[in-house]
Amino acid sequence: MNIFRKNRFEPEKRPQIDDVLLRSLLCGEEIDEKKALNIPAVARCVNLICETVSMIPVKLYKEEIIDGKRKTVEVPEDARCSLLNEDTKDALDGTQFKKAMVRDYLLNGNAYAYINKSRNAVKSLNYVDCSNILITKNSDPIFKDYNISVNGQTYKPFEFLKIMKSTKDGARGVGIIEENNELLKVAYTTLKFEQNLVSTGGNKKGFINAKNRLTKEAIDALKIAWDKFYSNNEEKMIILNDGLIFQEASNTSVEMQLNENKNSINNSILDIFGVPTTWNWETFIKTAIMPILKTIECALNRDLLLEKEKKSLYFAFDTKEIIKGDIKTRFEAYKTALDSNLMQIDEVRYLEDLEPLGLNFIKLGLQDVLFNPETKQIYTPNTNQTNFITRDSGGSENEEKIEEGKEGI
């Protein structure tokens, strides 16, 4: 006689949890990209960073040695820059392409784009959602290698542009969702808790005290009325019969500190993305944007340059575009560059899309002395004199002399 026999197929009875926030935390609700972007602080940071990066153009530069001096010049009209900045030859344009890549990089830690080539020429850059990517790695922890599969088709790593966050194997990165899942889970469940409060009209939970024992029919009727009262706005009130008293439940510590918790969570999310809690544009660029730009530049140099090009060519973002929205900061930067002779007037006018004035001069110490670096002429306007800087062939290599000219410029 088995008196301890129990029906093993009988479903386990669990206590019902009414509190939305507590139920979500205890049930371990997983956070995905869609849920993460429902959190206002996450959406704000992702959109702000994506928009900022997308407006910065990528340029190709070349290092050359001319007359024994190393110089850096921009490579004009390179097809790869056009693909990155303007038309990817895919469904996305250059701006949308950057936004999609940065969004995947931040949230999922992986951003992929197929490099469509004809021999050595890049024909298009085709963005691929990271959810469609399957990585198969080898088991060697030293000589790491992997393949990329898309819809059953296998590709080699060099066929893709890959931007990864916090990666250890070069194949898979770790995004904000995985790296900070618990924080995002608390933020999301807090949002759901507020949604529940709004949907119930802010009605508080409580208890019904009855002096006498209620029949089953009375209890069922009371439950239905109570459910309608909390689930929609059609029922404005509930009539309690004689002997029934509603006792409001006291606020939990979470409800009492909801605003404080929200502010703390939002500040933590901003810290994750590198966005300053007290807004400062310069700090935002340094902490949130520049690290991403450097990561993307490294990926572009690795995947879009030929091996022979890597010796002299490199991609870099033209960060001057960042300050174009702030005219005061932009013009102060130009003034500093002009005063320190890092730029000439026509170079500044070119950046501002203005016609050149033909003033090929660099200002020297007294501000009224002009120097022409091509002809080696120094012109002093107040004396209307021109001097020439030439090398003395009879002297040492470092000696120079100034010959006075007869006419002004």
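Q: What makes helix α3 roughly parallel to helix α10 in this predicted model?
A: The axes of α3 (residues 40–54) and α10 (residues 258–273) cross at roughly 25 degrees. Angles under 35 degrees count as roughly parallel. Therefore α3 is roughly parallel to α10. The two axes come within 9 Å. The crossing is right-handed.

Q: Which residues make the contact of α3 with α10?
A: From α3 come A41, V42, R44, C45, V46 and I49. From α10 come N266, I269, L270 and F273. Contact here means heavy atoms within 4.5 Å.

Q: How do the residues of this contact divide into nonpolar, polar and charged?
A: They divide into 8 nonpolar, 1 polar and 1 charged. Arg counts as charged, and R44 is in the contact.

Q: Why is N266 called partly exposed?
A: N266 has a relative accessible area of 29%. Buried means under 20%, and exposed means over 50%. The value lies in between, so N266 is partly exposed. N266 lies in helix α10. N266 and A41 are 225 residues apart in sequence, yet their C-alpha atoms are 5.8 Å apart in space.

Q: Where is pLDDT under 50, and why does that matter?
A: Residues 1–21 stay under 50, with 14 contacts beyond four places in sequence. Residues 393–409 are also below 50, with 30 contacts beyond near neighbours in sequence. Where pLDDT is low, the predicted coordinates should not be read in detail.

Q: Which elements have the lowest and the highest mean pLDDT?
A: Strand β16 (residues 400–404) has the lowest, 46. Helix α5 (residues 94–108) has the highest, 96. The chain mean is 79.

Notes. Residues numbered from 1 in each chain as written. Predicted model: local features only at pLDDT ≥ 70, side-chain atom pairs only at ≥ 80, totals over all residues. Heavy atoms only, no water. Axes fitted to C-alpha atoms, helices over the stretch in contact; angles between N-to-C directions. Helix = DSSP H or I, 4+ residues; strand = E, 2+ residues; numbered from the N terminus. Parallel < 35°, antiparallel > 145°, perpendicular 65-115°, else oblique. Left-handed = near helix turned anticlockwise from the far one by under 90°. pLDDT = per-residue confidence, 0-100. Buried < 20%, exposed > 50% of the residue type's maximum accessible area, 1.4 Å probe, protein only.
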